Amino acid sequence: MKAMILMEPGTQLEPSDLPHPVPSPKEIVIRVSACGVCRTDLHLVDGELPSPKSRLVPGHEIVGRVIATGSEATRFKTGDRVGVPWLGWACGSCEFCRRSQENLCETARFTGYQLDGGYAEFAKADERFCVPIPARYGDVEAAPLLCAGLIGYRALRLAGDGPRLGLYGFGASAHIVIQIARHRGQEVSVFTAPGDVEAQAFARRLGAAWVGGSNTMPPAPLDAAIIFAPVGGLVPKALQALRKGGTVICAGIHMSDIPQFPYALLWPERTIRAIANLTRRDAEDFMAIAAEVPIQTETLALPLDQANEALARLREGRLTGAAVLVPGSAPDSTR
């Protein structure tokens with residue numbers, strides 16, 4: 001099969017021919033229809049996450065159809081359409097798994113990190129950690145739901161349902177989160193890099209009540225703020241923007257160092273918390289909500305062999321919405 005491989009962090013992905021995957025007892029093999037390009041993939045390629053699998057196939061926003069099942073795999077049948085998210089396996093027996101915190105499992109393995117992912121024509125996955133895709137979504141538009149959507153949903157759930165929400169960074173996750181927040185009646189303020197008029201226009205189009213640079217304050221104090229941009233310097237800025245008792249959620253898997261800030265910013269019972277990965281329950285709940293809202297994803301479809309171009313566009317801030325790789329495709333397309 002054709003695949004794009006990370007031979008060594010800090011280098012470009014290389015097109016390669018790999019053996020067709022064979023499922024173990026609880027695994028399924030999927031013909032990949034689409035695989036979203038996530039900022040976590042960029043952190044992996046750029047060497048900002050430790051110890052990825054050698055000769056790694058990245059990608060953890062996989063949509064495809066089952067073509068083979070392992071001897072003990074009974075949840076899906078051949079032809080079923082499934083999604084494969086970031087959490088690819090958890091032990092089920094450590095203290096975190098026993099507390100319904102499998103996202104913090106001591107020995108968890110992650111798709112496109114310790115396990116080969118979806119930048120390929122085929123992928124295999126533990127069927128217990130896959131999720132059905134709502135019928136209303138096409139393959140390309142569904143792909144960003146599997147991480148940008150899931151992580152954004154988990155961040156939003158933990159941020160609470162206060163009337164005023166702030167989003168720092170407006171890319172793949174934020175453009176999904178704003179739709180859920182607006183659906184449940186929240187007023188959303190969006191903060192982008194100063195002068196990023198394209199992202200600001202995109203936020204307004206999706207219903208932001210206020211849009212400004214990350215160096216400015218919103219017109220009224222926020223109940224909660226979610227930081228999607230991997231910039232530690234935004235944490236004290238977001239704290240400043242909160243009401244007393246408000247919460248800042250750091251939603252990325254990687255962030256630059258948080259600078260020192262006065263204790264006075266935290267003292268009025270403000271909270272800082274991080275989001276680590278996701279659970280299977282998150283995936284099930286989010287897919288139901290996505291179909292109910294319904295969430296519309298903005299995507300740029302690219303052929304698999306243009307994975308490096310997709311990552312470069314993400315790195316340079318040249319994407320509106322999410323890039324999605326499509327094995328065997330030719331022209332770019334947006335939805």
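Visitor: Which helices and strands each supply at least two residues of the lining of the largest pocket?
Guide: This is a predicted model, in which local features need pLDDT of at least 70 and side-chain atom pairs count only at pLDDT 80 or more, while totals for chains, interfaces and linings use all residues. Residues are numbered from 1 along each chain as its sequence is written, and side-chain values use heavy atoms, with hydrogens and water left out. With helices (H or I, at least four residues) and strands (E, at least two) taken as DSSP runs numbered from the N terminus, the contributors are strands E11 (187–192) and E17 (322–326) and helices H1 (39–45), H4 (148–159), H6 (197–205) and H9 (307–315).

Visitor: How much space lies in the largest pocket?
Guide: A pocket is an open set of points on a 1 Å grid over the protein atoms alone where a 1.4 Å probe fits, with protein on both sides within 12 Å along at least five of seven lines; lining residues have an atom within 4 Å of a point. Points are joined across faces, edges and corners, and the volume is the space filled by probe spheres set on them. For the largest pocket this is about 1100 Å³.

Visitor: Which residues are closest to the centre of the largest pocket?
Guide: The lining comprises 49 residues. By class, it has 28 nonpolar (Ala, Val, Leu, Ile, Met, Phe, Trp, Tyr, Cys, Pro), eight charged (Asp, Glu, Lys, Arg) and 13 polar residues (the others, Gly among them). Closest to the centre are Arg-39, Gly-171, Phe-228, Ala-229 and Pro-230.

Visitor: Which strand gives the most to the lining of the second largest pocket?
Guide: About 500 Å³ of space lies in this pocket. Among its 28 lining residues, Glu-27, Leu-115, Asp-116, Lys-124 and Ala-125 are closest to the centre. Strands E6 (87–89) and E8 (122–126) each supply at least two residues of the lining. With five residues, the most is given by E8.

Visitor: How is H4 oriented relative to H8?
Guide: The axes of H4 and H8 (residues 280–292), lines fitted to C-alpha atoms over the stretch in contact, lie 10 Å apart at an angle of about 95° (scale 0 to 180 degrees between N-to-C directions). Contact, meaning heavy atoms within 4.5 Å, joins Gly-149, Leu-150, Tyr-153, Arg-154 and Arg-157 of H4 to Asp-282, Ala-283, Asp-285, Phe-286 and Ile-289 of H8. Because angles under 35 degrees count as roughly parallel, over 145 as roughly antiparallel, 65 to 115 as roughly perpendicular and the rest as oblique, H4 is to H8 roughly perpendicular.
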